[in-house]
Amino acid sequence: MSQDGNLREDTEEAVPSVDSENPEERIAARRLRIAARSEAKKRQELGDDSHEKKDIKEEARKSQHQVEQSEKRMIKLQSDGTELVTNIQVAADSRESQRRTEVEEAHRLRVEKLENEAKSSLEKFEEITRKWTVAKMKEIPQDLRDSLSSQQQLCALLIEDKNKLIHELQKEMKLSDDRYVKDLKKQGEDVDLMIERMEDQVKFLMGSYRDELDQIENSFEHERKILLTGNRKKWEQYMKERQDKELENVMQRMKRVEEYEVLLQQLRTEDAEEYNMIKIKLDTDVQILEQQLQQMKATYQLNQEKLEYNFQVLKKRDEENTITKSQQKRKITRLQDVVNNLKIKCANQEKQSREENQNLTDDYTRIMQQYKHMQKKMRHFAAIDAKKFEEVWLMNEEEVKALVEKALDTDRLVHEQQLGLAWQRPPLAFMERCGPLQPQRQAQKTAHQAISELLRLGQTSGCSLGKGKYREAGAGPEAGVGPGAESPALAVEVYESGAGLESGSSEVERESEGSGGEHSGTVSVKMVKKLLELLCDEAGFLIESKLLKLLSPLEKDEQSLMKLDSIFTAMGIESEEDVYKLADFFMKYRHTQGEQTQDVSAKWGVASPQAERGEFTSSCSPTSDLIHPNDVLVALRAFTAHHCRPRELAASHQPSMLGLGGREDTEDAAYWEAMGDVIPEAKLKIWGALETALDKYHIVLTERSKFITDTQSLKQQNTELRMLLHQYVNSRVNAELEIPPNLVMQLAPE
Amino acid sequence: MSKSPGAGMYPPVAKLNLAADPRKMRRIIAEDPEWSLTVVPLLSNLCLQCIVRNFEEKPILEELLPRHKDYVLERLSPSLPLQVTANLISDDGYWKRCCKQRWGLCDVSSYGHSWKRMFFERHLENIIELFIPDATDPKTVLGMVPLCRNYVKRLDISQLLPPIKEPQKSEDDDNSDSASDMGMDGPSMDHFDFGILLDKLSHLEEFHVVYRVKGCGMNFEWNLFEFTFRDCESLAKALKSCKTLRVLRIHQSKVDDEKCRQLVNNLLDHPSLRELNLSHNLIGDRGARAIGKLLNRSKLESLTVYDNNIRGPGAQAIAYALAKNSSLLSLNLRLNRLGDEGGQAIAQALLKNRTLKWLHLGGNEMTEPTATVLSQVLVQNNTLRSINLSCNRLGMDGGKVLEEGMCHNSSVVECDIRLTEVGQESDYCISQVVRNNQNQAHTKHNTEENLAQTSEHY
């Protein structure tokens with residue numbers, strides 16, 4: 001086994017170790033080992049004669065080889081021995097089986113013989129019995145005697161036969177008895193032989209086992225010796241190496257020691273010299289110091305006296321200090337009392353003021369409530385007033401309109417009937433309108449609407465231009481409803497800049513002209529949209545985080561819309577105008593940054609729309625890209641700085657928006673005036689002249705009417721008279737007359 | 001023996017004692033490990049000695065410290081009554097002393113290296129072997145049961161005494177012929193009834209019994225060697241009741257067909273029986289048929305029925321069972337009368353069987369036809385390890401056929417063809433093949449061992 005271990009060690013040196021920490025490595029090592037073993041065994045089996053490859057490994061396994069050979073030899077010996085021993089048993093077996101066959105055969109023969117015998121004897125017996133009957137028949141004594149004697153003979157014969165058989169059987173029995181004894185003896189001998197052989201075998205096996213053991217031991221011993229010598233050699237080699245090394249080390253050490261000794265000596269002498277020098281120096285130093293000590297002593301004396309005086313003085317001072325201290329203490333206690341009092345007072349005061357504060361806050365809340373109430377009332381009244389105003393207005397307007405209609409009608413009548421002129425209806429815009437005048441501001445779009453529109457526009461920017469136009473046109477009238485007379489046209493012009501700015505996409509330019517609400521909306525919608533998106537991205541910090549969370553499920557456009565809305569509210573941008581202002585500002589900001597800050601506010605505030613447009617186109621054409629995202633915040637701040645001032649102003653009249661007082665009544669007068677001025681001055685003059693003429697005409701007419709009545713009355717008289725005449729003519733009297741009047745006078749048929 | 005100078009201080013009595021006992025002079029007595037300088041023994045030792053003395057009345061052992069226990073066990077007398085010691089003492093040292101005292105020659109290795117088991121087995125065997133029916137009280141046996149039931153694993157009964165005959169009977173026996181005839185219908189010749197014992201021994205695994213009398217010498221009578229029907233019946237019942245039995249051996253007991261059938265009937269479906277040995281009996285074909293039936297209704301691994309009277313039909317019955325069997329490893333039919341009829345049947349069965357490893361057909365009057373079938377078996381079957389055909393007249397031709405079969409075989413490592421009249425050439429060839437097979441098996445065994453070792457490492 002030591003051999004085996006050795007082998008294992010040999011293999012382990014090169015390949016993964018069995019004792020390694022790593023289990024996989026161990027497994028690998030074991031596998032290798034098993035493979036090596038099986039291989040070795042194979043080689044042993046195959047190539048006992050192929051001794052050419054007798055390497056070190058083969059040699060190392062000599063003992064194992066020996067073991068196996070011995071094992072084989074022993075197995076063979078054992079089997080041979082067992083065979084030798086069992087040979088006896090086998091022989092006995094064969095003998096036994098042979099004996100059995102013989103016995104069987106003998107048994108069979110015997111049975112046969114017995115049967116034969118029985119048969120023959122039965123025949124004989126039957127013969128005898130038959131003869132008995134014959135004998136009984138015999139009467140003659142001699143015959144009877146003869147037959148009896150023959151019978152006797154026959155019986156004797158039968159008995160003899162039987163006896164013979166018995167004798168034979170007994171002989172056989174004796175034989176088999178002998179044989180049994182012989183067999184027994186033989187078996188005894190066999191057993192003895194077997195035991196002997198077994199003993200021999202045991203002895204022989206023991207001897208050979210011992211031999212083999214000796215051989216194996218020898219081989220092991222031999223191997224061990226080889227190993228030992230090898231190891232010893234190695235050991236000695238190592239020892240020698242070590243010895244050499246030690247010797248070398250010792251030599252080196254000696255050398256070093258000598259060196260160090262020399263060095264030490266040197267150092268010692270140097271140190272002694274130094275020591276002397278230092279000693280002399282120190283001696284002188286000591287003398288000097290002693291002198292100084294004397295001096296110091298003198299000064300000390302002096303100082304002592306001085307200090308004693310000082311001490312006295314300080315003592316005095318101390319006494320004084322104690323007195324002042326006590327005084328101060330008393331003062332402190334007094335002040336403490338005062339402080340306490342003041343504290344109490346302060347607490348009281350605080351309490352009072354708190355109560356007061358409470359009262360005041362109560363009052364304040366009450367007053368606030370009252371104020372709110374009042375406001376509500378006021379709003380209510382304002383609404384009612386407005387309603388009433390509107391109603392009154394409407395009523396008056398109706399009345400006035402009726403009057404105007406009447407005046408116009410009369411005018412038309414005058415013109416058409418009296419003057420015979422073609423009458424033309426003056427343009428009367430206000431007639432179409434009803435209700436009180438609305439302030440124009442409300443007509444403006446809010447920033448929110450503007451953005452949403454913009455975004456929508458941006459979305460549909462790919463659509464046909466006509467659509468865009470239509471939308472703009474549609475938006476126009478909406479805006480145009482509010483401002484009445486003073487805004488003759490809040491027109492929206494839609495340009496199609498074919499030669500303009502961008503090739504593929506249509507661009508809508510918007511320009512609106514009005515009294516106040518003119519915004520510099522010359523920026524392209526797309527631009528604005530981009531700007532807005534930029535703003536949305538950059539000014540995200542203005543949006544509340546809560547809102548962002550709420551927005552997350554929405555669509556992107558809607559999200560950006562809401563974000564922009566919140567950003568604008570944060571910045572205070574409310575109207576569309578402001579949005580455009582912002583966009584414009586941004587454009588310009590970018591522009592002006594290059595030229596380094598002109599007065600931006602002045603520029604965009606004063607600039608005429610034409611100029612702006614020009615500017616815009618010029619600014620837009622070179623660069624389609626927008627303000628740089630990084631500048632957005634700066635620009636935004638600048639914008640709010642500029643924008644906030646006007647807004648503050650605007651905020652100052654914010655409250656007036658609440659009531660009706662803010663309603664502009666300057667236009668009302670003009671409105672009503674316009675109503676009054678339906679008939680112009682020239683026409684009135686015409687009317688005056690016409691009146692006088694008509695008056696004259698009237699007089700003539702009245703005269704004529706008088707004449708007409710006269711003629712009528714005369715006609716009536718005439719007719720009456722004619723009637724009478726007729727009567728007279730047609731009377732019978734006439735007939736009696738020779739000359740009737742009718743004949744005389746030719747009466748004209750009426 | 002010179003006196004030490006300080007000896008003078010001792011009183012004269014001590015001096016006398018010193019002179020008388022040289023041991024007192026020495027301070028160290030190496031050969032006595034119990035010796036100590038202290039003259040007064042320890043109280044604990046005294047107590048222990050007392051316990052040892054009165055162990056029979058008051059057995060105190062388990063309560064003691066291990067050291068004291070050893071002390072007591074060393075000193076207990078081997079002749080203490082078993083009722084006290086049997087279930088109390090488990091120390092092997094004590095039982096070793098008991099065995100040595102009683103029998104002198106003891107081989108503990110055959111008793112599982114347990115002296116206690118050895119003691120009780122041999123004790124019980126002695127009691128049974130000396131049991132005389134009707135004369136001995138069965139209580140002597142039954143009394144032992146509670147004491148030894150936990151330790152007895154094997155019973156090897158080497159003789160069973162018949163009941164003592166009445167003096168008148170012995171007078172009648174003078175006419176030996178009439179006595180042997182009378183024995184059957186005369187008073188019972190039954191032996192010890194195992195029915196009262198076997199079902200109580202809960203650890204019994206092996207049971208060997210011989211119905212005969214040892215060392216009768218000149219008092220030989222045939223009826224001393226009688227295995228009666230009633231014996232058989234009671235034994236069969238007892239065997240059936242013993243569920244732990246693994247090995248059963250009944251030999252040299254004149255078991256004939258009827259008794260064999262009775263035994264087998266009771267052994268059918270036995271839960272643990274592995275080995276059955278009915279050698280040196282008178283079993284014929286009918287008994288063999290019963291055994292064949294038993295083969296497939298039990299878990300038998302080894303069947304030994306050599307030196308019986310089984311012929312062709314019986315062998316055919318066994319072969320029929322063997323063909324279907326899948327548990328039997330060893331079959332011994334030595335010294336029967338199978339003949340070619342039986343041999344061929346067995347060989348045919350081996351063509352189908354895949355478990356049998358050892359087969360002994362020595363001395364069975366088989367000849368060449370069997371050899372031909374067997375050679376076929378050798379070619380086809382590769383589970384058979386050992387085959388013994390000695391003392392069969394196979395002849396030259398049979399040898400050649402066998403040789404041919406062996407050439408194609410690689411599993412048989414033992415083949416005994418002594419005294420079969422085969423040619424030397426065949427003999428040599430067969431032995432060559434067998435040797436080859438042995439070598440292969442050996443190397444395989446070695447590699448397996450190596451593998452086992454390495455797997456143990458993991």
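Here are some friendly notes on the predicted model of chains A and B, point by point.

1. **Ground rules.** This is a predicted model, where local features need pLDDT of at least 70 and side-chain atom pairs count only at pLDDT 80 or more, while totals for chains, interfaces and linings use all residues. Residues are numbered from 1 along each chain as its sequence is written, chains are lettered from A and ligands numbered from 1 in the order in which they are written, and side-chain values use heavy atoms, with hydrogens and water left out.

2. **Chain A overall.** The secondary structure of chain A comes to 18 helices and two strands. Helices (H or I, at least four residues) and strands (E, at least two) are DSSP runs, numbered from the N terminus. Of its 750 residues, 21% count as buried, where buried means under 20% relative accessible area, exposed means over 50%, and partly exposed lies in between (1.4 Å probe, protein chains only). Among contacts in chain A with a separation of 6 or more, 74% come from residues 24 or more positions apart; a contact means heavy atoms within 4.5 Å.

3. **Chain B overall.** Chain B holds 17 helices and nine strands. Buried residues make up 47% of its 458 residues. For contacts in chain B between residues at least 6 apart in sequence, 78% join residues at least 24 apart.

4. **A helix to look at in chain A.** Helix α5 of chain A covers residues 141-419, which is 279 residues, but its end C-alpha atoms are only 225 Å apart. That is short of the 417 Å that a straight helix would reach at 1.5 Å a residue; the expected span is 1.5 Å times one less than the number of residues. Just after α5(A), A:Gly420 takes a positive phi of about 65°.

5. **One residue within that helix.** A:Phe204 is found in helix α5 of chain A, and it counts as partly exposed at 47% relative accessibility. A:Phe204 and A:Leu77 are 127 residues apart in sequence, and their C-alpha atoms are 9.2 Å apart in space.

6. **Helix α5 of chain B.** Residues 92-103 of chain B form a helix of 12 residues, reaching 16 Å from first C-alpha to last, close to the 16 Å expected at 1.5 Å a residue. Its buried residues are B:Tyr94, B:Trp95, B:Cys98 and B:Cys99. Seen down the axis of α5(B), these fall within an arc of 135°, so they line one face of the helix; the arc is that of the directions from the helix axis to the C-beta atoms. The buried residues of α5(B) pack against α3 (66-75), α4 (82-85) and α6 (115-129) of chain B.

7. **The two ends of α5(B).** At the start of α5(B), a side-chain oxygen of B:Asp91 reaches to within 3.3 Å of the backbone nitrogen of B:Gly93. Just after α5(B), B:Gly104 takes a positive phi of about 75°.

8. **Parallel strands in chain B.** Strands β1 (residues 154-157) and β2 (residues 206-209) of chain B pair in the parallel sense over four bridges; two strands pair if DSSP finds at least two bridges between them. B:Arg154 stands opposite B:Glu206 in β2(B). Four bridges also join β2(B) to β3 (residues 247-250) of chain B, and these run parallel. Here B:Val209 stands opposite B:Ile250 in β3(B).

9. **The crossover.** Which hand does the unit made by β2(B), helix α10 (residues 229-241) of chain B and β3(B) have? This β-α-β unit is right-handed: with the strands pointing away from the viewer, the path from the first strand over the helix to the second runs clockwise.

10. **B:Asn277.** This residue is found in strand β4 (residues 275-277) of chain B. At 17% relative accessibility, B:Asn277 counts as buried. A polar contact (a pair of N or O atoms within 3.5 Å; within protein, one must be able to donate a hydrogen and the other to accept it, and residues adjacent in sequence count only if both atoms are side-chain atoms) of 2.7 Å joins the side chains of B:Asn277 and B:Ser279. Not counting residues up to four places away in sequence, B:Asn277 touches B:Leu248, B:Arg249, B:Ile250 and B:Thr304.

11. **Two backbone angles to check by eye.** Most residues other than glycine have a negative phi. B:Glu365 has a positive phi, near 55°; it lies in the loop between β7 (358-360) and α15 (368-380) of chain B and is partly exposed, with a relative accessible area of 32%. B:Glu421 has a positive phi near 60°, lies in the loop between β9 (414-416) and α17 (424-457) of chain B, and counts as partly exposed at 47% relative accessibility.
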